[in-house]
Amino acid sequence: MVAAIENGTVIDHIPSNKLFQVVRLLHLDLQKSAVMVGYNLPSSKMGNKSIIKIADKFFSDAELNTLSVVAPNVTLCIIRDFEVVEKKCVTLPRTITGIVRCANPKCITNNEPMPTRFHVSDAENGTIQCDYCEKEQPLETVKLV
């Protein structure tokens, strides 16, 4: 349903309700090469899913960590010469630094110029905890920095 790319990255199995967050987060609106987006595509695994194909773009580990906060467990495929050369599942890192805002308005990170830092307190249920004030919050409700 979506055209093949010669070289680049395919982000597959994106929950459809997270697609536009992923587009904003990865700054795909600034991308100079072709970007193809499939929204609400049928999926036997998820019911429906979204997919993004980005020509001539390969993501750093830092960008993938950011992606994992919004859409954990997406599949990332690296394409070279129209062939998948690498396929991996993006997973949530143990520590999340400078990506998510703390939900506690009294947290030092909301009142001082310093990076936020969270650790994953419950990966199965998607809960993170601030290293400074210890406030827990579910990933579904996080606000990005």
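User: Where is Asp81 found?

Analyst: Asp81 sits in the loop between β4 and β5 (83–89). Strands are DSSP runs of E with at least two residues, helices are runs of H or I with at least four, and both are numbered from the N terminus. This is a predicted model, where local features need pLDDT of at least 70, side-chain atom pairs count only at pLDDT 80 or more, and totals for chains, interfaces and linings use all residues. Residues are numbered from 1 along each chain as its sequence is written, and side-chain values use heavy atoms, with hydrogens and water left out.

User: Why is Asp81 called exposed?

Analyst: Its relative accessible area is 56%. Exposed means over 50%, buried means under 20%, and partly exposed is in between (1.4 Å probe, protein chains only). The value for Asp81 passes the exposed cut-off, so the label is exposed. Its backbone also stands out: phi is positive, about 55°, although Asp81 is not a glycine.

User: What is the phi of Asn73?

Analyst: It is near 75°, a positive value in a residue other than glycine. Asn73 is in the loop between α2 and β4.

User: Is Asn73 buried, partly exposed or exposed, and how do you know that?

Analyst: Asn73 has 48% relative accessibility, so it counts as partly exposed.

User: What makes the label for Glu6, and what does Glu6 touch?

Analyst: Glu6 has a relative accessible area of 42%, so it is partly exposed. It lies in the segment before β1. Leaving aside neighbours within four places in sequence, Glu6 is in contact (heavy atoms within 4.5 Å) with Ile79, Arg80, Asp81 and Phe82. That list brings back Asp81.

User: How do you know whether Ser43 is buried or exposed?

Analyst: Ser43 has 12% relative accessibility, so it counts as buried. Its place is strand β2 (residues 35–43). Beyond four places in sequence, it touches Asn48 and Lys49.

User: What does the side chain of Ser43 reach, and what makes that a polar contact?

Analyst: It reaches the backbone nitrogen of Lys45 at 3.3 Å. A polar contact is a pair of N or O atoms within 3.5 Å; within protein, one must be able to donate a hydrogen and the other to accept it, and residues adjacent in sequence count only if both atoms are side-chain atoms.

User: Why does Gln129 get its accessibility label?

Analyst: Gln129 has 18% relative accessibility, so it counts as buried. It belongs to strand β9 (residues 127–130). A polar atom of its side chain lies 2.9 Å from the backbone oxygen of Glu134. Its contacts outside four places in sequence include Arg117, Phe118 and His119.

User: What makes a set of residues a nonpolar core?

Analyst: The members are buried Ala, Val, Leu, Ile, Met, Phe, Trp, Tyr and Cys residues joined through side-chain atoms within 4.5 Å. The largest one here has 18 residues, and Ile11, Val22, Ile52 and Leu67 touch the most other members. Elements giving it two or more residues are β1 (8–14), α1 (19–25), β3 (47–55), α2 (61–70) and β4 (75–80). A second, separate core has 12 residues, among them Ile99 and Cys107. In soluble globular proteins, nonpolar side chains tend to be buried together.

User: What does Leu67 contact?

Analyst: Beyond its close sequence neighbours, within four places, Leu67 is in contact with residues including Ile11, Val22 and Pro72.

User: How much space lies in the largest pocket, and why is it called a pocket?

Analyst: About 230 Å³ lies there. Pro72, Asn73, Ala123, Gly126 and Leu139 are the closest to its centre among 13 lining residues. A pocket is an open set of points on a 1 Å grid over the protein atoms alone where a 1.4 Å probe fits, with protein on both sides within 12 Å along at least five of seven lines; lining residues have an atom within 4 Å of a point. Points are joined across faces, edges and corners, and the volume is the space filled by probe spheres set on them.

User: Why is Ala123 labelled as it is?

Analyst: Ala123 has a relative accessible area of 62%, so it is exposed. It lies in the loop between β8 (117–122) and β9.

User: How many helices and strands does the protein chain have?

Analyst: It has 2 helices and 11 strands. Buried residues make up 41% of its 145 residues.
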